[in-house]
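Hi everyone, thanks for coming. Could you bring the structure up on the screen, please? Then I'll walk you through it.

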Amino acid sequence: LSGGGAERVMTDMANYWARDGADVTLITLAAADTDVYHIDPSVRRIGLDMMRESRGLITAAKNNLCRAGALRRALRQARPDFVISFTDQINVLTLVATLGLSLRVIICDRADPRHHPLGRAWSMLRRRFYGRCFSAVVQTEAVRAVIQPLVRRRPVYVIPNVASRDTKQTISPSESPRRNSIDGGTDRPFRLVAMGRLS
């Protein structure tokens, strides 16, 4: 959780559900001491500290098997009702880690596969394992059309990113986006402008 949009959304979701009374465990392959996002104290935070450089295909395969094993142990200990996985490679790794565990895994693709290729090996694994998910979440209808064949008959939901008033408070779905501090309380919808870099 040292930066990035998917990491921010994961943190927002975990904090929201924890404050709502859910028992939430947030697991990452990276160590927890690299976190930059605020995590509610009631969220159980597990950082597996398994982000290592892989030199060569064989080393990469071994490292990912070790990661899947560590993730499997963490998930068995957490005993979740649902597992929500974020980003394509982690989705594959999570589906591999949960083989035989009868866990309901919701995979969330945060990028458009048409513009963010995974490479031959990960693409093959995605085709092999995505069908094991309980359901999938994407951000646009266009991405749903790409992901649906991969998950076969599993449902795919389109849920765009939420707009936050600040980094610690997320707009509730029940709140009206028309009257707030951004637009000065007028009745017209506010405009939201995002700026970023392509690198």
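I'll start with the overall layout, then go to the sheet, the cores and the cysteines.

A word on the source before that: this is a predicted model, where local features need pLDDT of at least 70 and side-chain atom pairs count only at pLDDT 80 or more, while totals for chains, interfaces and linings use all residues. Residues are numbered from 1 along each chain as its sequence is written, and side-chain values use heavy atoms, with hydrogens and water left out.

So, the layout. The protein chain has five helices and six strands; helices (H or I, at least four residues) and strands (E, at least two) are DSSP runs, numbered from the N terminus. If you follow the sequence, the pattern is α-β-β-α-β-α-β-α-β-α-β. The chain has 199 residues, and 34% of them count as buried. Buried means under 20% relative accessible area, exposed over 50%, and partly exposed in between, with a 1.4 Å probe and protein chains only. The accessible surface comes to about 13000 Å², with 54% of it belonging to carbon and sulfur atoms; these areas come from the Shrake-Rupley method with a 1.4 Å probe, and for residues only the protein chains shown count as cover.

Now please find the sheet. Which strands form it, and in what order? It is an open sheet of four strands, β3-β4-β5-β6, with parallel pairing. Two strands pair if DSSP finds at least two bridges between them.

Let's look at β4 in particular. Five bridges pair β4 with β3, and three join β4 to β5. Isoleucine 106 of β4 is a handy landmark: isoleucine 84 stands opposite it, and its bridge partner in β5 is serine 135. β4 is also mostly covered, with four of its five residues buried.

Next, the inside. The largest nonpolar core has 28 residues, and those with the most contacts inside it are Leu48, Leu95, Ile107, Tyr130, Ile147 and Val151. Such a core is a set of buried Ala, Val, Leu, Ile, Met, Phe, Trp, Tyr and Cys residues joined through side-chain atoms within 4.5 Å. Among the elements giving two or more residues to this core are α2 (57–78), α3 (88–97) and β4 (104–108). The largest share, five residues, comes from α2. Apart from this core lies another, of 14 residues, including Ala14, Ala18, Leu26 and Val43.

Back to Leu48 for a moment. Leaving out residues up to four places away in sequence, Leu48 touches Ile27, Thr28, Leu29, Ala30, Ala70, Leu71 and Ala74, where a contact means heavy atoms within 4.5 Å.

How much of α3 is buried? Seven of its ten residues are, so to speak, mostly covered. Among the buried ones are Asp88, Asn91 and Leu95, and the cover includes α2, β3 (82–86), β4 and α4.

Last, the cysteines. Cysteine 108 is buried, with a relative accessible area of 4%, whereas cysteine 66 is partly exposed, at 45%.
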